[in-house]
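Visitor: Could you walk me through how to read burial and packing in a model like this?
Guide: Gladly; let us look at it together.

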Amino acid sequence: MNIHMTGVGGQGIGLLSELLLRALSVAGMEVRGVDTHGLAQRGGVVNSQIRTGSGEFSPLIAPGGADLVLALERHEALRAVGGYLRDKGALAYYDAVWQPFEVRNGSVPGVSTEALHEECRRRDIRAVRVFRDDLPDPRMQNTALLAEVLHNDLIPGLRPEHVTQAMEDLLQGGALKANLEILGVR
Amino acid sequence: MKKLGEMLLGESPFRELVMGNTALVRGMVEAGVRVVTSYPGSPTPEIATAIASIRKELRPFHFEFCVNEKVAVEVAYGAAVNGRPSVVFFKSVGLNVASDTFVQLNHMDIPGGLVVIVGDDPGAHSSQNEQDNRHLARMSYTPVLEPASPSEAYAFLLTAVSMARKHRMAVMLRMTTHVCHAKEMVSFGGWPNTPRDDTPGFDGSGGSHIPIGAMVARMKKRAIERLQASREPGLDRVLENGNPKRGIITAGLPFLSVLDVLSGAARKPDILKLGMVHPLSLDTISGFLRAHEEVLVLEELDDFIEQSVKAMAHDSGLSTRVLGKGCTEDWIGEFTPGRVREILHRLWPDSVVAPVSMAGNLAAPVRFPQMCPGCGHRSAFFAIGKALRKNDITVADIGCHTLGFLPPHEIGRLLMSMGASTGIGQGLSLFNSERRVVAFLGDSTFFHAGIPGVINAIFNNHRLTLIVMENGTTAMTGHQEHPGTGRNFNDPTERIPIRKVLEGLGIQNITEVDTYNQKALTTAVGKALESPGLSVVIAKHPCMLKFSREQRRKPGFVQRHVEVSEDKCTLARECIDRFGCPSFKRDGETGRVSTNTDLCIGDGSCIQTCPSDALGAVAPGKESR
C-alpha cells in the first residue's frame, strides 16, 4: 500500500508519518518511508510517504501511485489528490485552512470543501473529512486524523493497538497521555 | 518511550526503524570513529540530531559543529592524521567551501582514515544548485561509495571507514537527499565498546605531509595508485533477469526507482547496481557489457558513470550499444520512480508502460515557503522596505531571510552562496552613483564566510550598507548553535558578539535595532543608506519559531493571539498585503480579515502595521471565535 501524507510546514506531518510508519511495522508489515526536511518546513508544502510491501523498493511514490492521501490542510489535500492519488483511491483530511499568500491577498480563490469533494467524486475517490472543535491544541490535529483513519478502516491490517504501541515508543509524559486520549475518543 | 541515544550505543545487534542519517551514526559507533565534525546543512543535519541523542559523557567520539565546512574538514583531517578514525559531514555545496583542503587530502598519508559524508541534493530541495560532487571526488583521487537506502548507508559507512583506515586515505560517502531521509528497518551489528588506542600517531618525518616541489609529484603518484587499490569486493552486484539483450547500470536511489518500475515490466533488463561509483571496476563493467547487446547507464545528474562506461567499452573493443543521457532533462532533477518510468518508457516502450498522467486534475493555488508567524525578519523587511527607493539594489545571502525575495517584500533580489552578499554588493556599487546597494547577511553566515567580504569593503573603501539579520541561531537548518550564541554543540562557550567584531575591524557606522521596533529600524536604515562608505545595521530579533517552541514546553503556558477588531478594520489590509504574516486569513466572500488561531503566536509584531489601529493582543480564552 502507498500512503502519501501532506500538510504545511509546522502542522506536524513529521510526527504523523513517524507514528504511522512505526504502527505499520508493529502490525507486521515491511515498511519504507521518507519525509521532507529543510527549506519547505518554513511554511511550505511538506510531504511524507510510506510504502508497505516486501522486497527492495523505493521510499518514493510515483504520481498517481498513492492508494491513500492523508492531509492536514484543505489546499494541500487538493494538491496531493491531484498530484499523487490514483483514481478510486481514498483521501482523509483534517479540514484546517492555512491560506497561501495569494489566497490571503485575494489574487486567487481558495479551495472550498465543496470543490475538493466534487473533484473526489469525479475521480471516484472516497473522501473523509475530519474536523474537531474540542482539541486542546491545534498541533494534535494529526492524531485526530489518525483516529479517523482507524475508525474508517482506511489501512487494512492497522488496528488501534498498533498505533498505541507506536505512540508509546515515540512519546512520553503529557504528550503521550494527550495523544492517546484523542486517539481513544472513538 | 524508546530512547534513541541508548539504542545507538547498544552492545548487542538490534533492528530498528531509522532514517539514513541516523543509521550513519550507529555505523560511526560500531566502526570506532573518534572524531566527527560538520557544519549544518540539508540534507545532513539530522546526523547531528542523532548524535545529540547520545549523552555527551557516553559518546564514544568527539563531535563538533565547526564555523564552516572548510574548518570542519581541517579539524577532522588533523585528528585523522594523528591516528583517529574521523568523519566529516555536510551538504553538497558545503564541499565547495571545504574544497581548498578537501582536494589535498589524498595527497597525504592519513593513518586514522577520514570519511567525508556529502549530502548531494538532486532536485535542489534545499540547495542553490544540484551539483554532482562525484566530479570533485575524481579531481582529488577520492573513492566514492554511493548507498541507495538506510541499510546500505550503514553498511557502506562501515566499509568506508575500513577502506580509509586500511589505505590511510580519505573516502567519500555520497548520500543524496532521499537516502538521508528515507526510513526503513535496519539490522545493526554489535558494538563491543572496547577501550580505544588514543596514542598520538602523527609522524611528519622527512617532510611527508608538506606538498611542496618534488614532493607533490610523489604524493600524486601515491594518490593515484592508492585510489585503484582501495576497491573493496562485494560493493557492486548484478541482478539477473535472464535478458541477454538489455542491461541497466545504475546506483544510489535511482536503483530503487528502477526496481519499482520494472516490477510490472515485460522482459526485464538485467541490472548492474554499483555501490562504488569511483573508480569503476573495469572487470565488472566490461563483463556486464559483454553479456548484453544494449546497456543503459541510468544515473541522476551528470553523465559521470556513462563517460567511463563508454570509454571502457571502447578500450575493450566491445560493440555493445551504450545508452545514457537522451536529452537535456535527463541531466536535471531527481530520478524518482515517476521520472525513471518516463525514461524507460521512452527508450523501451515494448517493456515499460507509460506513466499515469495527472495533467487533467484540479490544481491547488501555489504555496511557497514563508517566514514563520512572529519572525523578526518579517518586521525587518516591512520596515526596511519603507526606507528603500524603488531602484535600490538588495542582495540576499543564505538563510531564512532569503525568503524575503518572495511577495509581499521582494527584498534581496540576488542570491549566490554563503557570505557572498557583501562582495557582490561591493561590485554592484562600482561606477554606480544612482542606485544604492544593500547587502543582507545572517548571523551564522556572518561567522561562516561573511567576514572576509566585510573586511574587503573596509580594505578597498567600498560604499555599501550591510544589514546583519541576527536571530541568534542557525534557524533554517534546525536551530544549531553558532559562535555568537554562547553555546557550542556540547557546552557553554564564550559568546562572540557580531557588533564587537565589526567594531574591532574599525567600522564606525554601526546601528543595532530590534526589528520589532519597526519605526526605529526604518530610520536607522534610511540614515545608513545616506552615509558614505560602509554602514552597518544589525537588525536583531530572536528566532520566534525557536522561542515559541521553548515557551510552549513551559508548564502553565497559555497561547495568546492577536485579534482583528471588526469595528475598527477599514480593510486597508496592510497586515496581509504588505506585512504578509501567514496568521491572517481572508474571507473569500466578504474580504474581511481575521486571525488564524492555529498559526498566530500572539507576538503582536503586526499591531504597529495597522493604519486603523484594528489589531490588538487578546488575553487567552477571550477570543470572539
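Predicted model: local features only at pLDDT ≥ 70, side-chain atom pairs only at ≥ 80, totals over all residues.

Visitor: How many of the 625 residues of chain B count as buried?
Guide: A residue is buried if 20 or more other C-beta atoms, placed from the backbone, lie within 10 Å of its own, exposed if 12 or fewer, and partly exposed in between. By that count, 51% of chain B is buried.

Visitor: Which residues of helix H11 of chain B are buried?
Guide: Helices are DSSP runs of H or I with at least four residues, strands are E runs of at least two, and both are numbered from the N terminus. In H11(B), residues 282-290, the buried ones are B:Ile285, B:Phe288 and B:Leu289. They lie on the same side of the helix because they cover an arc of only 100 degrees around the axis, the arc being that of the directions from the helix axis to the C-beta atoms. B:Asp283 and B:Arg290, on the other side, are exposed.

Visitor: And the core?
Guide: In soluble globular proteins, nonpolar side chains tend to be buried together. A nonpolar core is a set of buried Ala, Val, Leu, Ile, Met, Phe, Trp, Tyr and Cys residues joined through C-beta atoms within 7 Å. The largest here has 226 residues, and B:Val115 is one of those with the most contacts inside it. Contact means C-beta atoms, placed from the backbone, within 7 Å. Beyond its neighbours within four places in sequence, B:Val115 has contacts including B:Val87, B:Leu157 and B:Leu173.

Note on methods:
Residues numbered from 1 in each chain as written. Chains lettered and ligands numbered in written order. Contact = placed C-beta atoms within 7 Å.
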